Amino acid sequence: KAKAIVPSLLIWIKRREPIREMPPLGCGICGNENCQRHRRGAINSGLQPWNDVLVPQTVDEAVSEFFELVLRDFVYEWYRQINDHEELVDEFRSNLQFIVASFVKRAKKIDIPKLVMSKLVQAGMAHLHVILTAREKNPHLEGDAFIGAVWREYGRD
C-alpha cells in the first residue's frame, strides 16, 4: 500500500446533526401531512430506492463488476495518491448504487410500447422528413456539404 502524502482529514470532521434514517411524517417538500401535490411516495422511498428493485443475480454481479472497474480506473487512480482510506470510495460506490436503483425504478414506470409509438416514431419521422426535404432541395450535394444542408433545413423552423 502506498503511504498517504496528505493525512486524511475526513476522520476529524464531525456531523453537526445526526443522519435521519426515517423520512418525515409529512411531505418532504411542504411539510403538510395530507399533501396531494408533491410526490410523497417518491420522497419517502427515495432514501433507499434499491429496496424495491429486484434484478437477476447475474445482472447484479455484472453491474457490481462495472462499478468496481469504474472506481478502479477513474477514482483509485488519483485518490490513492492523496489518501489510503476507503471512506470516499465507499461513498462513491453508494452513490452509484443509488443512481442506478433510482433509474431502474423510474424506468419500470415507463410504458415502453407507448413511448416507442408516440414519441420515438414521431421523432424519427420528423428527422426523416427534414433529411428528405434537404435531399429534395439539394440533390447534387454529398458528404459534409449535404450534412450542412440538413442542418440548415433544421434551422428553418
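**Helix packing and cores in a predicted model**

Analyst: In this predicted model, helix 4 and helix 5 are oblique to each other.

User: Why are helix 4 and helix 5 called oblique?

Analyst: Their axes cross at roughly 120 degrees. Angles of 65 to 115 degrees count as roughly perpendicular and those over 145 as roughly antiparallel, while the rest, apart from angles under 35, are oblique. Helix 4 and helix 5 are therefore placed in the oblique class. The two axes come within 9 Å, and the crossing is right-handed.

User: What makes the contact between helix 4 and helix 5?

Analyst: From helix 4, His127, Val130, Ile131, Thr133, Ala134, Arg135 and Lys137 take part, and they meet Phe146, Ala149, Val150, Glu153 and Tyr154 of helix 5. By class, this contact holds 7 nonpolar, 2 polar and 3 charged residues.

User: What makes up the largest nonpolar core?

Analyst: It consists of 6 residues, namely Val130, Ala134, Leu141, Phe146, Ala149 and Val150. The largest share, 3 residues, comes from helix 5. A second, separate core has 5 residues, including Leu71, Val75, Tyr79 and Val89.

User: Which residues does Leu141 contact, leaving aside its neighbours within four places in sequence?

Analyst: Leu141 is in contact with Arg135, Phe146, Ala149 and Arg152.

User: How do you know that helix 2 and helix 3 pack together?

Analyst: Two packed helices are described by the angle between their axes and the distance between those axes. For helix 2 (residues 57–82) and helix 3 (residues 87–108), the angle is about 145 degrees and the axes are 11 Å apart. Helix 2 passes helix 3 in a right-handed crossing. On the side of helix 2, the contact is made by Phe67, Glu68, Leu71, Val75, Tyr76, Trp78 and Tyr79, and on the side of helix 3 by Leu88, Val89, Phe92, Arg93, Leu96, Gln97 and Val100. These residues divide into 11 nonpolar, 1 polar and 2 charged.

User: What pattern does the protein chain follow along the sequence?

Analyst: The pattern is α-α-α-α-α, with 5 helices and 0 strands in the protein chain.

User: How many of the residues of the protein chain count as buried?

Analyst: Of its 157 residues, 15% count as buried. Among contacts between residues at least 6 apart in sequence, 44% join residues at least 24 apart.

Definitions and conventions. Residues are numbered from 1 along each chain as its sequence is written. This is a predicted model: local features need pLDDT of at least 70, side-chain atom pairs count only at pLDDT 80 or more; totals for chains, interfaces and linings use all residues. Side-chain values use heavy atoms; hydrogens and water are left out. A nonpolar core is a set of buried Ala, Val, Leu, Ile, Met, Phe, Trp, Tyr and Cys residues joined through side-chain atoms within 4.5 Å. Buried means under 20% relative accessible area, exposed over 50%, partly exposed in between (1.4 Å probe, protein chains only). Helices (H or I, at least four residues) and strands (E, at least two) are DSSP runs, numbered from the N terminus. Contact means heavy atoms within 4.5 Å. Axes are lines fitted to C-alpha atoms, for helices over the stretch in contact, and angles run from 0 to 180 degrees between N-to-C directions. A crossing is left-handed if the near helix is turned anticlockwise from the far one by less than a right angle, and right-handed if clockwise. Ala, Val, Leu, Ile, Met, Phe, Trp, Tyr, Cys and Pro count as nonpolar, Asp, Glu, Lys and Arg as charged, and the others, Gly among them, as polar.
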